[in-house]
Amino acid sequence: MLRMENVSKIYRTDLVETHALRKVDLHIKSGEFVSVTGPSGSGKTTFLNLAGALETFEEGDYFLDGHNVKGLSDDKLSEIRNQKIGFIFQSFNLLPDLPLFDNVDVPLRYRGMSAKERKERIEHALETVGLASRMQHLPTQLSGGQQQRVAIARAIAGDPLFLLADEPTGNLDSLMAQQVMELLEDINSKGTTIIMVTHDDQLARRAHRNIQIFDGQVSDIEKSVADDVIRSA
Amino acid sequence: MDIKPIFLGLKQNKFMAMLMIIQIAFTMGVLSSSVLVATTTLQEWNKLSGIPHEDIVRISPEFFDDSQDVGQAMFNDLKRVKEIPSVINAAPSNAVPFTAENMIDVYLATEEDAQGFKTVVFESDEQIIDVLQLSLVDGRLITASDVVKGDIESTPQSAAEVMISQDMAQVLFGDDSAIGKTIWLAKNADPVKVIGVYSNFMTGERLNGRGKSYQSIIRPQVKWSQTQQPHYLMRVEQGTAVALLEDIIDVFYLERGRYINSSELLKRTQKRMYDGRGSRALTFLVLSVVLLIITGLGITGLTAFQVTQKRKQIGTRRALGAKKSDIMRYFLTENSILTLIGLVIGVAVTLSITFELSEQAGQNFFNLSVLLMTALLLWVVNILAVWFPAKRAANIAPAIVTRSA
Ligand SMILES: Nc1ncnc2c1ncn2[C@@H]1O[C@H](COP(=O)(O)OP(=O)(O)O)[C@@H](O)[C@H]1O
Ligand SMILES: [Mg+2]
């Protein structure tokens, strides 16, 4: 479903070249729950940005659903983000001016769905995260955990190919983090693929599979092995 | 178009929205009022003078020798002037076209509350008709025998019959014939009878502004005193006025006891009349352009500020699937909504301003097409003003959502 072949990302400034990702080969299958871990500055965010089509790259190929993403126009990349990927950010990134209903509506509108279908999807998504009763509230009226659940509703409302979560519990206290993690597991159990960047080993261990990035290089570890590595670390 | 999220956004940013609306409304009010007043004023320039002003010269002599017989001297002067080959005709007149000298109210009755009608009275002799090239519209022309001439002190009687202009007749009597009708040149004055109606000519600035440019009366009387004499108006052969002016002036120095206080080609008198209004109109227009630029920059600044403040939100929208064009459209639509509201308020302001001005000046400044053009201009300036910050917003990289805290 998602396949990277030989993908490299180099950031060039006048003075330095940073090899943020080096020859990444990766295959993630439909339905997987993958955690991505690694030390700070290792390239996790870069990986997430490429996987999420938020940034372009020059080397290698990236196939999403069988289609090569490399070299697509900005508009085409916008479409891919909009239709195939659900984003969950560390700092939630809800639009503060819009009530929850309209926050969840944002990606659906860019997809040009009918108002009726959007309404159904929004209500269903907010029900899934347990916030259907607060549709007309503004984000600031919610706790952090609730806001992140709205962000998750926004990410799943469009039935994306996969969810891309960037430290989804990073800004939450442990109880809320627990709830959000359970919600993600629940969503995954119903078939949605999830890729989650985290530096929290506890959380990483709950995924099926852990991908570790060191200095831009990916080592892919199956769950059983990952558990061992993490335990012995 | 997705207007709902934009409205929701504006609802949460009422202060900014109000600021934009007020700015647009104020600019629209001032801009369109200025443009309306300016265009109305400039349109006056196209008004016909009704006389061959290019070929008419005014001379205003002054007599300083107290022992002189002023009446005789005037007679001599006029005679000598007419002897100049290129001078076709000359007449004394206490008023000059384009200057609205001698503006008074004329009445149809003498009651306390009788309505006055603005007019300019030209006291002159029968030659004035030929000098100004007026044509007879109704009744008869004044003749030499109608003219009351004399020194003010020794000539208490006044001409009891007058001619009035076509517009004057229309204002006073509508579609009725003016001939034989009685009017009063002051409430306590003796009545005078209208014997003829002549073609319109422009009387001057003050009446121009009131849309009454062509209301005048010619009274066949020439009066003078030791200290006060009429002007001379003379018509010369076409195109000779400039070259002839010095020759004409020379005539007044042939006899001692007088000098030329002032002289002017009537084409310059006309220009002078418009210069004041023209520069006022121009000032209005320049101020309008300055205001337009300031508003444009203001809108650019406010929008740029918003874009900077909302970088993260814009990046989020981009990450969630907004194309660059969607971001552009968001800002342009938001601005259009505010512009529309501002314009509606601005038009209301304009209507009340022009209504007030029109009342004051007795002249209609309102013109729908000019108003619409101004609104369109302001709209275009707004789009330009928003375009560049919106472009910057559209270029915000979606990756900032993961890169910034
Ligand atoms: N826009 C950029 N320009 C230059 N260097 C960058 C940029 N973004 C990231 N980097 C560099 O790339 C490397 C990987 O960064 P990142 O993917 O953010 O790591 P992580 O998310 O694991 O902390 C770091 O050395 C970082 O300094
Ligand atoms: Mg990072």
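Contact is taken here to mean heavy atoms within 4.5 Å, and axes are lines fitted to C-alpha atoms, for helices over the stretch in contact, with angles running from 0 to 180 degrees between N-to-C directions. Helices (H or I, at least four residues) and strands (E, at least two) are DSSP runs numbered from the N terminus. The structure is a predicted model, in which local features need pLDDT of at least 70 and side-chain atom pairs count only at pLDDT 80 or more, while totals for chains, interfaces and linings use all residues. Residues are numbered from 1 along each chain as its sequence is written, chains are lettered from A and ligands numbered from 1 in the order in which they are written, and side-chain values use heavy atoms, with hydrogens and water left out.

In chain A, four strands form an open sheet in the order β2-β1-β4-β5, with antiparallel pairing; two strands are taken to pair if DSSP finds at least two bridges between them. Strands β2 (17–28) and β5 (67–68) of chain A each have a single partner strand and stand at the edges, so one side of each is left without a neighbour in the sheet. Between β4(A) (residues 59–64) and β5(A) there are two bridges, in the antiparallel sense. L64(A) has H67(A) in β5(A) as its bridge partner. Strands of a sheet pair through backbone hydrogen bonds, either parallel or antiparallel.

Helix α1 of chain A (residues 44–51) lies across β1 (2–12), β2 and β4 of that chain and runs at about 120° to β1(A). Residues are called buried under 20% relative accessible area, exposed over 50%, and partly exposed in between (1.4 Å probe, protein chains only). Seven of the eight residues of α1(A) are buried, and the helix is mostly covered. The buried residues are K44(A), T46(A), F47(A), L48(A), N49(A), L50(A) and A51(A). After α1(A) comes A53(A), with a positive phi near 55°.

Positive phi values also occur in the loops. Most residues other than glycine have a negative phi. E167(A), a residue other than glycine, has a positive phi near 45° and is placed in the loop between β7 (162–166) and α6 (174–189) of chain A. E167(A) is buried, with a relative accessible area of 10%. In chain B, the phi of F98(B) is positive and near 75°. F98(B) is in the loop between β2 (87–93) and β3 (103–107) of chain B, and its relative accessibility of 3% counts as buried.

Strand β3(B) is joined by five bridges to β4 of chain B (residues 116–124), and the two run antiparallel. In this pair Y107(B) stands opposite G116(B) in β4(B). Five bridges also join β4(B) to β10 of chain B (residues 216–224), here in parallel, with E123(B) opposite R219(B) in β10(B).

Salt bridges were assigned where a side-chain nitrogen of Lys or Arg lies within 4 Å of a carboxyl oxygen of Asp or Glu. By this rule there are 31 salt bridges over all chains. R209(A) forms one with E32(A), the closest N and O atoms being 2.8 Å apart. This pair links distant parts of the chain, with R209(A) in strand β9 (residues 209–214) and E32(A) in the loop between β2 and β3 (33–37) of chain A, 177 residues apart. R209(A) counts as buried at 3% relative accessibility, and E32(A) counts as buried at 11%. A salt bridge between E185(A) and R206(A) has its closest N and O atoms 2.8 Å apart. Here E185(A) belongs to helix α6 and R206(A) to helix α7 (residues 201–206) of chain A, 21 residues apart. E185(A) is partly exposed at 23% relative accessibility, as is R206(A) at 27%.

In chain B, T303(B) lies in helix α8 (residues 266–309) and is buried, with a relative accessible area of 4%. Apart from neighbours within four places in sequence, T303(B) is in contact with M20(B), F331(B), V386(B) and P389(B). K14(B), in helix α2 (residues 14–44) of chain B, is exposed, with a relative accessible area of 54%. K14(B) and A38(B) are 24 residues apart in sequence and 35 Å apart in space, C-alpha to C-alpha.
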